[in-house]
Amino acid sequence: MSKIEIDAITAEFFGAFDNRGGKAADVARIRRLVIPRGVIVLTGPKYTVYTMDEFIEPRERLLADGRLVEFSEWETSERTEIAGDIASRFGEYRKAGVLDGKPFEGGGTKTFQFVRTPEGWRIAAFSWYDQS
């Protein structure tokens, strides 16, 4: 059951950025998926550590202001290890959209650390490396 819940949270995480077909992205749902004071780190190409607001706010703007449209990202492979109330997931992802009128595709690697809380599984930390 835990793996099914972790799969669902991960899919919801990736889905938060989807604005295909003119629908509004729901980046704010990340606040529900990540524990308070969760750790958010971009390792490359430019190392950055984010607070929740620093991560969400610019992405909400980018996905809502018309600069980035028809955007989605999705996991292409993963491996998840669960030990009691902690879990780790390491996966590859792809992304595609139209940025400033130009189609693009890319991908990278994301890692998630999960913890089981009284409300169920949540993300304690996530990090990613964009390969493109």
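# Briefing: strands, turns and buried side chains

Glu70 belongs to strand β3, and its phi is near 50 degrees, a positive value in a residue other than glycine. Please keep in mind that this is a predicted model, in which local features need pLDDT of at least 70, side-chain atom pairs count only at pLDDT 80 or more, and totals for chains, interfaces and linings use all residues. Residues are numbered from 1 along each chain as its sequence is written, and side-chain values use heavy atoms, with hydrogens and water left out.

## Overall fold

- The protein has 3 helices and 6 strands (DSSP runs numbered from the N terminus, with helices being H or I of at least four residues and strands E of at least two).
- Along the sequence, these elements come in the order α-α-β-β-α-β-β-β-β.
- The radius of gyration is 15 Å, close to the 14 Å from the globule rule for 132 residues, so the protein is as compact as a globular protein of that length (the radius is taken over C-alpha atoms, and the rule is 2.2 Å times the number of residues to the power 0.38).
- Taken along the principal axes, the C-alpha atoms fill a box of roughly 45 × 30 × 25 Å.
- Among contacts between residues at least 6 apart in sequence, 53% join residues at least 24 apart (contact means heavy atoms within 4.5 Å).

## Surface and charge

- Of the 132 residues, 39% count as buried.
- The accessible surface comes to about 7300 Å², and carbon and sulfur atoms account for 55% of it (areas come from the Shrake-Rupley method with a 1.4 Å probe, and for residues only the protein chains shown count as cover).
- There are 19 positive and 21 negative charges, and their mean positions lie 2 Å apart (Lys and Arg count as positive, Asp and Glu as negative, while His and the chain ends are not counted; each charge is placed at NZ of Lys, CZ of Arg, CG of Asp or CD of Glu).

## Strand pairing

- Strand β3 (residues 68-83) pairs with strand β4 (residues 86-99) in the antiparallel sense over 13 bridges (two strands pair if DSSP finds at least two bridges between them).
- Within this pair, Leu68 stands opposite Leu99 in β4.
- Antiparallel pairing also links β4 to strand β5 (residues 102-117), over 14 bridges, and Glu92 has Thr109 in β5 as its bridge partner.
- β5 and β6 run antiparallel and are joined by 10 bridges, with Val115 opposite Arg122 in β6.
- Strand β1 (residues 34-44) pairs with β6 in the parallel sense over 6 bridges, and Val39 faces Ala125 in β6.
- Strand β6 (residues 120-130) is mostly covered, with 8 of its 11 residues buried.

## Hairpin turns

- β3 and β4 form a hairpin with 2 residues between them, and Gly84 in the turn has a positive phi of about 65 degrees.
- The hairpin of β4 and β5 also has 2 residues between the strands, and here Asp100 takes a positive phi near 50 degrees.
- Asp100 sits in the loop between β4 and β5 and counts as partly exposed, because its relative accessibility is 46%.
- A further hairpin joins β5 to β6 through 2 residues.

- Phe114 lies in strand β5 and counts as buried, because its relative accessibility is 1%.
- Leaving aside neighbours within four places in sequence, Phe114 is in contact with a set of residues including Ile6, Ile9, Ile86, Trp121 and Ile123.
- Not counting residues up to four places away in sequence, Lys110 touches several residues, among them Phe13, Phe14, Glu73, Phe90, Tyr93 and Trp128.
- Lys110 and Gly120 are 10 residues apart in sequence and 21 Å apart in space, C-alpha to C-alpha.

How values were computed: Buried < 20%, exposed > 50% of the residue type's maximum accessible area, 1.4 Å probe, protein only.
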